Amino acid sequence: MEHVIDRVLLDETALQAKVQELGERITRDYEGKDLLVVGILKGSLLFMADLLRAIRIPLEIDFMALSSYGSGASTSGEVRILKDLDQSIENRHVLVVEDVIDTGLTLNYLMDNLKSRGAASVKVCTILDKPERRRVAMTVDYNGFTIPDEFVVGYGLDYAQQYRHLPFVAVLKREVYGG
Ligand code: PRP
Ligand code: MN
Ligand code: MG
């Protein structure tokens with residue numbers, strides 16, 4: 001991978017330490033509550049799997065897949081649900097798990113959508129946050145790392161569907177994505 005990676009931004013040790021910390025906070029905050037952890041496919045996959053193992057209370061898991069709104073400069077923020085939850089979330093405490101919050105458009109739509117279904121609470125946990133790119137104001141309940149606006153891959157994040165499996169977060173070389 002050395003030929004495509006400019007530098008490692010967050011190594012495996014740093015990621016895993018942060019995941020443990022987030023898992024402990026979530027464990028404390030949701031003790032005694034009916035918790036449903038919802039992973040957003042596909043980016044959340046690696047973080048979701050690690051985070052779940054760090055949460056020490058009963059919980060259920062589910063997944064959603066959302067259409068990306070495209071790469072056009074003037075996106076409407078319109079998001080389509082490609083795979084919905086398998087169950088009702090009425091009166092349940094929902095924790096949405098994401099790999100990265102960028103413009104915030106995906107989550108902004110999703111949080112409103114889930115709240116309208118009568119959930120007891122809807123919160124979000126992301127391993128990465130890129131606030132410089134935000135286009136809608138957004139409360140991030142649990143954040144692993146705030147990162148600069150650079151093209152990063154790994155730990156679930158892709159470039160053209162590649163590099164998701166890397167156990168670290170790295171900045172891609174410019175020549176790879178033609179930036
Ligand atoms: C990426 C990322 C987040 C979303 C963040 O998903 O995994 O879900 O974009 O962007 P936003 O804050 O600007 O809405 P993507 O649509 O690329 O799908 P993927 O998870 O399958 O890679
Ligand atoms: Mn995603
Ligand atoms: Mg993607």
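**View 1. The pairing of strand S1 with strand S9.** In this predicted model, strand S1 and strand S9 (residues 169-172) run antiparallel and are joined by four bridges, where two strands are said to pair if DSSP finds at least two bridges between them. Helices (H or I, at least four residues) and strands (E, at least two) are DSSP runs that are numbered from the N terminus. Across this pairing, Ile-5 stands opposite Leu-172 in S9. The open sheet has three strands in the order S1-S9-S8, with antiparallel pairing. Strand S1 (5-10) and strand S8 (152-153) stand at the edges and have a single partner strand each, so one side of each is left without a neighbour in the sheet.

Notes for all views: residues are numbered from 1 along each chain as its sequence is written, while chains are lettered from A and ligands numbered from 1 in the order in which they are written. Because the model is predicted, local features need pLDDT of at least 70 and side-chain atom pairs count only at pLDDT 80 or more, whereas totals for chains, interfaces and linings use all residues.

View 2. Helix H1 (residues 12-29) has 18 residues and reaches 26 Å from its first C-alpha to its last, close to the 26 Å expected at 1.5 Å a residue, the expected span being 1.5 Å times one less than the number of residues. The buried residues of H1 are Leu-15, Val-19, Leu-22 and Ile-26; a residue is buried if 20 or more other C-beta atoms lie within 10 Å of its own, exposed if 12 or fewer, and partly exposed in between, with C-beta atoms placed from the backbone. Seen down the axis of H1, these buried residues fall within an arc of 70°, so they line one face of the helix; the arc is that of the directions from the helix axis to the C-beta atoms. They pack against S1, helix H2 (45-53), S5, strand S6 (121-129), strand S7 (142-146) and S9, contact between two residues being defined by C-beta atoms, placed from the backbone, that lie within 7 Å. On the other side of H1, Thr-13, Ala-17 and Arg-28 are exposed.

**View 3. The surroundings of ligand 1.** The shell around ligand 1 holds 15 residues, of which the closest are Gly-43, Ser-68, Asp-102, Thr-103 and Thr-106; a residue is near a molecule if its C-beta atom, placed from the backbone, lies within 6 Å of it. Strand S2 (35-41), strand S5 (93-101) and helix H3 (105-115) each supply at least two residues of this shell, and the largest share, four residues, comes from S5.

View 4. In the loop between S2 and H2 lies Lys-42, which is joined to Leu-41 by a cis peptide bond with an omega of about -5°. The loop between S8 and S9 contains Gln-161, which has a positive phi of about 70° although it is not a glycine. Tyr-163, also not a glycine, has a positive phi of about 75° and is found in the loop between S8 and S9. Gln-161 is exposed, with 7 other C-beta atoms within 10 Å, whereas Tyr-163 is buried, with 21 other C-beta atoms within 10 Å.

**View 5. Asn-143 in strand S7.** Asn-143 has its place in strand S7 and is partly exposed, with 17 other C-beta atoms within 10 Å. Not counting residues up to four places away in sequence, Asn-143 touches Thr-126 and Asp-129.
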